[in-house]
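Thanks for making the time this morning. I would like to take you through one model, moving from the chain as a whole to a few particular contacts.

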Amino acid sequence: MASTPPPPNNFNVHPMPRLPSPSSSRPRHSINSSFSFGPQSLVASLAGANSSTMSDPRSFALDPNHSILPSSPLRPSPRLPRRTKSAARHPLANDTTDVSHDETGRGDDEDVYEWSIVDRMRLWRHDALMQHLYDSAAFWGDKILSWTNDPNDAFWLSQTYFLTHQYSRAERLLTRPFPSAPPKSSPEGPATNGHVSTLPASDGGKGKGKEVMPPAMTAVPPIATTRLPVGPSEMIDVAVQFEAGVSRLVDMSVACRYLAAQCQVRQGKWNEATEMLGEANPFRAAGRSGPAVPNMDGGIKIEASMCHLRGILMLKLNRADQAKNCFMEALALDVKCYDSFDQIISGEMMTPDEEWEFVQSLPFSEQIPEDAEFVRLMYTSRLRKYKHAKEHALVRRRLVEEFGLGDNPDVLFSFADALYAQFRWADCFAVTSRILGLVSVHAPTMPLHIACMHHISHLNSKLFILAHELVEKEPESPISWYAVGVWYLSAKKYSEARTYFSKTSLMDPRFAPAWIAFAHTFAAEGEHDHAVTAYSTCARMFAGSHLPMLFIGMEHIMLSNYPLADEALHAAHAICDADPLLANERGVMAFNHGNYEQAVALFQEALRLAQIVQTSQSAWTSTYLNLGTAYRKLERFQEAKVAYQRVLEIDPRNTNALGFLGMVYHLLGDTEAAIVKYHETLSIDPINGHIIELLDLALKASAAAGPFGFKGFPGGEEDWARKMREHRDKGKGRQTAGRSTVQDIPQAAPAADEEMSVG
């Protein structure tokens, strides 16, 4: 069976402009070219390879547009020796087909090659890696590298060390001086790490691909038999002793440089890893880089992976803006680099509008024409659900109907995320339970699942069981300790909850729910200054999320710091203008400033946005209450009555709505209807002091008027205003924990502190 050819290239690659050769006269694979671990020498080597008219047998290792795929053997097993023909036998007996190998299409005149010892040992190495026999892989890989001096073999040996967490050992192999003399190549072209070139037959054969015989093992190059200096001064000693033929693997192979940087990141060597990768993409100006340059082997470009790792480093160094740019560049270079997409979305580095525009602008069709639509739909399904509700619904429907992913955890998570944004806790919990039934732990789903259990009171006991199971199964996972913290938060043990949220954020500083919940514990205890500080830290780390600024605004409302509250809410609105809760809070501030018309408009906008995202109406009873209060201040009593009646349609036992509706009837002069509503309120909340006082006023007015008397305020409106001022003084300072409030002001009095929860 002829070796499988690489997949056809469907891209038209335009010839790139040739770059001048490096000014240095030293050979490219020389240790003298650089004493730095920066990528400049590797980029110079790539430029030299592009400008050279001769074929460089290792130029593929310098190309950042390749993936790791060419470094692996293509064939699963060596070919059995072919039997010779026997002329004395019947023609039917000359069939040489082996039942264990597909020999279809192989002509009798084709050459057959048996794998060399290096080929077989490369197979052993890869099979050992697949079977997690890392010591076996390292043992055979070390012998292969001693024979071949091939950067790909060094890469796989270092990869073996990396998989066994021997990061220092892998880094040393990749950065020490190394003989760079390439193995002798066949006349047909260079062989690459076990690959057998498949070329069209040109000798009048049957047109099938031929296996080109790889070069035989040649004598070891003289430099490979020389012991290279080692130790602190090895770089200088090598430069003195060898003018050429010695280099570092990180200067010979992009894959080796990338893996070396990975090792340094795992060891916490942030500055060294940054030097290894470069502060910015070094290939950007090399002539063969960019979204338009295709990946030739169908994998993920190493250049994109290097940009992603550079973004991780920028996060470690607290350079969030640079990290975002690195992740965006990685995705632009190769849309298949999902890790960068996940960092942008889960880290909330962009606003919802920026996320949508960026994903829709990615070059899916140019880079992966056959799979462009599927990848675009999958990425779109992960975006936040504040806007484009119809588009998101269409995306989910297409993924289910056209691609058959109705039971895929990631697609189900998109459903759950939409339900959570609509405050439909029970429905969201049903979907997340399905996901966790398919896979025991699904990282994006777990925060939603835990939050739903927190919001649904009868599931708090199950939350304790879940947290206990997670800690036992995955004690090293931040989500396990986050679940413990949420359980303590549900039990109102805020100090203990804060301890576990702090532990979660130490384990994963980019886990946004832990930072928000940590700040919530201060807010729940009334420690508003500490809460503002914690929310501010969260806002700095997750610049694309409006929630920290929203919560800062709510805390300042609780503290009556209205200028600071306005500033925070305006900042949140600049990030996201489609959150109904934010519109409600802005309405509260307009009310506090006495701008009642604007307050009415903002409360109506909040209800309109809630309908757009198909939110459950029961979640917005407070907004209807606030709307009714704003109408009442504007003396639009009929509209206020409609707003309060809407609340009672949703929740007939809402004491605030009953009491406020009674006040509206009282203000309209319908004392008898007001008395009925006051009695209904007291039947549910019999110790409500405000309603008792108002009922007393209504009864006095009814008694003074008689059955046919005047309907109005006993003692006149001045006496009514005095009573309301007394209520305000009694209630001054009362706050609803964790919620901003509207100061309820009846039309005939300066203020009465009838509080209404928001959201």
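This is a predicted model: local features need pLDDT of at least 70, side-chain atom pairs count only at pLDDT 80 or more; totals for chains, interfaces and linings use all residues.

Residues are numbered from 1 along each chain as its sequence is written, and side-chain values use heavy atoms, with hydrogens and water left out.

The protein chain holds 35 helices and four strands, where helices (H or I, at least four residues) and strands (E, at least two) are DSSP runs numbered from the N terminus. Of the 759 residues in the protein chain, 50% are buried; buried means under 20% relative accessible area, exposed means over 50%, and partly exposed lies in between, with a 1.4 Å probe and protein chains only. If we take contacts between residues at least 6 apart in sequence, 63% of them join residues at least 24 apart, contact meaning heavy atoms within 4.5 Å.

Now to the helix pairs. Two packed helices are described by the angle between their axes and the distance between the axes. Here the axes are lines fitted to C-alpha atoms, for helices over the stretch in contact, and the angles run from 0 to 180 degrees between N-to-C directions.

Take helix 26 (residues 547–558) and helix 27 (residues 562–575), whose axes come within 8 Å and cross at roughly 160°. That angle makes helix 26 roughly antiparallel to helix 27, given that angles under 35 degrees count as roughly parallel, over 145 as roughly antiparallel, 65 to 115 as roughly perpendicular and the rest as oblique. The crossing of helix 26 and helix 27 is left-handed, which is to say that the near helix is turned anticlockwise from the far one by less than a right angle, clockwise being right-handed. On the helix 26 side, Met549, Leu550, Ile552, Gly553, His556 and Ile557 meet Tyr562, Leu564, Ala565, Ala568, Leu569, Ala571 and Ala572 of helix 27. Sorted by class, this contact has eleven nonpolar, two polar and no charged residues, where Ala, Val, Leu, Ile, Met, Phe, Trp, Tyr, Cys and Pro count as nonpolar, Asp, Glu, Lys and Arg as charged, and the others, Gly among them, as polar.

The second pair is helix 33 (residues 671–684) with helix 34 (residues 689–705), where the axes come within 9 Å and cross at roughly 150°. Helix 33 is therefore roughly antiparallel to helix 34, and their crossing is left-handed. Helix 33 contributes residues including Ile675, Tyr678 and Leu682, and helix 34 contributes residues including Ile691, Leu695 and Ala698. By class, the contact between helix 33 and helix 34 has ten nonpolar, four polar and one charged residues.

Let me move on to charge pairs. Side chains of opposite charge can pair when their charged atoms come close. Searching the whole structure finds 27 salt bridges, each being a side-chain nitrogen of Lys or Arg within 4 Å of a carboxyl oxygen of Asp or Glu.

How far apart in sequence are the parts that Glu171 and Lys269 tie together? The closest N and O atoms of this salt bridge are 3.1 Å apart. Glu171 lies in helix 6 (residues 167–175) and Lys269 in the loop between helix 9 (254–266) and helix 10 (270–277), so the pair ties together parts that are 98 residues apart in sequence. Glu171 is buried at 10% relative accessibility, whereas Lys269 is partly exposed at 27%.

Back in helix 33, Glu680 and Lys677 form a salt bridge with their closest N and O atoms 3.6 Å apart, and, being three residues apart in that helix, they are separated by about one helical turn. Glu680 is partly exposed at 32%, while Lys677 is buried at 17%. Elsewhere, salt bridges that share partners join Arg122, Arg125, Asp150 and Asp153 into one network. Asp153 sits in helix 5 (residues 151–163) and is buried, with a relative accessible area of 0%. Between Asp153 and Arg122 there are 8.3 Å in space, C-alpha to C-alpha, and 31 residues in sequence.

Finally, the serine. Ser381, in helix 16 (residues 372–381), is buried with a relative accessible area of 1%, and, leaving aside neighbours within four places in sequence, Ser381 is in contact with Val395, Leu399 and Ser414.
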